[in-house]
Amino acid sequence: RSLLWLEGAQHGATSHSRDRGGTTPQAAAMDIDLLNPDAREERAKHKLKRMIQSPNSFFMDVKCPGCLQITTVYSHAQTVVLCGNCNVMLCQPTGGLARLTEGCSFRRK
């Protein structure tokens, strides 16, 4: 007990609240706000480690550069996606996100 009391006395706190007349030690301020995380930090975290779990994938509308037809494409498509009208390749698969061909514009759904 005396060893604990000595360690606590060095840091300005005691092991028992009754030793200081019933007052409780103050809570230490944290470096980060756990209730309001930074949006950039949350986006960089793994999809299961975020405060609210959310997937990294999404659907998008891709506009064909030739005929301007809009096609819905999955962001992590594993096959080549062709335009329905002119058979132009809209995106090609990679290991993760599908790579859009040059000239294609998209919007997230």
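I take "buried" to mean under 20% relative accessible area, "exposed" to mean over 50%, and "partly exposed" to mean in between, with a 1.4 Å probe and protein chains only.

**Entry 1. Ground rules**

I note that this is a predicted model, in which local features need pLDDT of at least 70, side-chain atom pairs count only at pLDDT 80 or more, and totals for chains, interfaces and linings use all residues. Residues are numbered from 1 along each chain as its sequence is written, and side-chain values use heavy atoms, with hydrogens and water left out.

**Entry 2. The chain as a whole**

I looked up the elements and found two helices and six strands in the protein chain. Here helices (H or I, at least four residues) and strands (E, at least two) are DSSP runs, numbered from the N terminus. Read from the N terminus, the order is α-α-β-β-β-β-β-β.

I then looked up burial: of the 109 residues in the protein chain, 17% are buried. The chain exposes about 8,800 Å², and carbon and sulfur atoms supply 54% of that area. Accessible areas come from the Shrake-Rupley method with a 1.4 Å probe, and for residues only the protein chains shown count as cover.

For contacts (heavy atoms within 4.5 Å), I considered pairs at least 6 apart in sequence; 22% of these join residues at least 24 apart.

**Entry 3. The sheet β2-β1-β6**

I recorded an open sheet of three strands in the order β2-β1-β6, with antiparallel pairing. Its edge strands are β2 (70-74) and β6 (105-108), each of which pairs on one side only. From one strand to the next, the twist averages 30°. For such angles, axes are lines fitted to C-alpha atoms (for helices over the stretch in contact), and the angles run from 0 to 180 degrees between N-to-C directions. Two strands count as paired if DSSP finds at least two bridges between them.

I followed strand β1 (residues 59-63) and found that five bridges join it to β2, the two running antiparallel. Which residue of β2 is the bridge partner of Lys63? The partner is Ile70. Phe59 has Tyr74 of β2 as its bridge partner. The hairpin of β1 and β2 has six residues between the strands, and Leu68 takes a positive phi near 60° there.

I also compared the faces of β2. In a regular strand the side chains alternate between the two faces of the sheet. Thr71 and Val73 form the covered face of β2, whereas Ile70, Thr72 and Tyr74 form the uncovered one.

**Entry 4. The sheet β3-β4-β5**

I found another open sheet, made of three strands in the order β3-β4-β5, again with antiparallel pairing. The edge strands are β3 (81-82) and β5 (99-100), and each pairs on one side only. Two bridges join β3 to strand β4 (residues 89-92). I looked up Val81 and found Cys91 of β4 as its bridge partner.

I located Glu42 in helix α2 (residues 39-44). Is Glu42 buried or exposed? Glu42 has a relative accessible area of 13%, so this residue counts as buried. Leaving aside residues up to four places away in sequence, Glu42 touches Pro37, Arg50 and Met51.

Glu42 also forms a salt bridge with Lys45, the closest N and O atoms being 3.3 Å apart. A salt bridge is a side-chain nitrogen of Lys or Arg within 4 Å of a carboxyl oxygen of Asp or Glu. Lys45 is partly exposed, at 39% relative accessibility.

**Entry 5. Salt bridges at Asp61**

How many salt bridges does the structure hold? I find three. The side chains of Arg107 and Asp61 meet in one of them, at 3.0 Å from N to O. This pair links distant parts of the chain, with Arg107 in strand β6 and Asp61 in strand β1, 46 residues apart. Arg107 counts as exposed because its relative accessibility is 52%, whereas Asp61 is buried, with a relative accessible area of 9%.

Lys109 also forms a salt bridge with Asp61, and here the closest N and O atoms are 3.5 Å apart. Lys109 lies in the segment after β6 and Asp61 in strand β1, so this pair ties together parts that are 48 residues apart in sequence. Lys109 is exposed, at 56% relative accessibility. I close by recording that salt bridges with shared partners join Asp61, Arg107 and Lys109 into one network.
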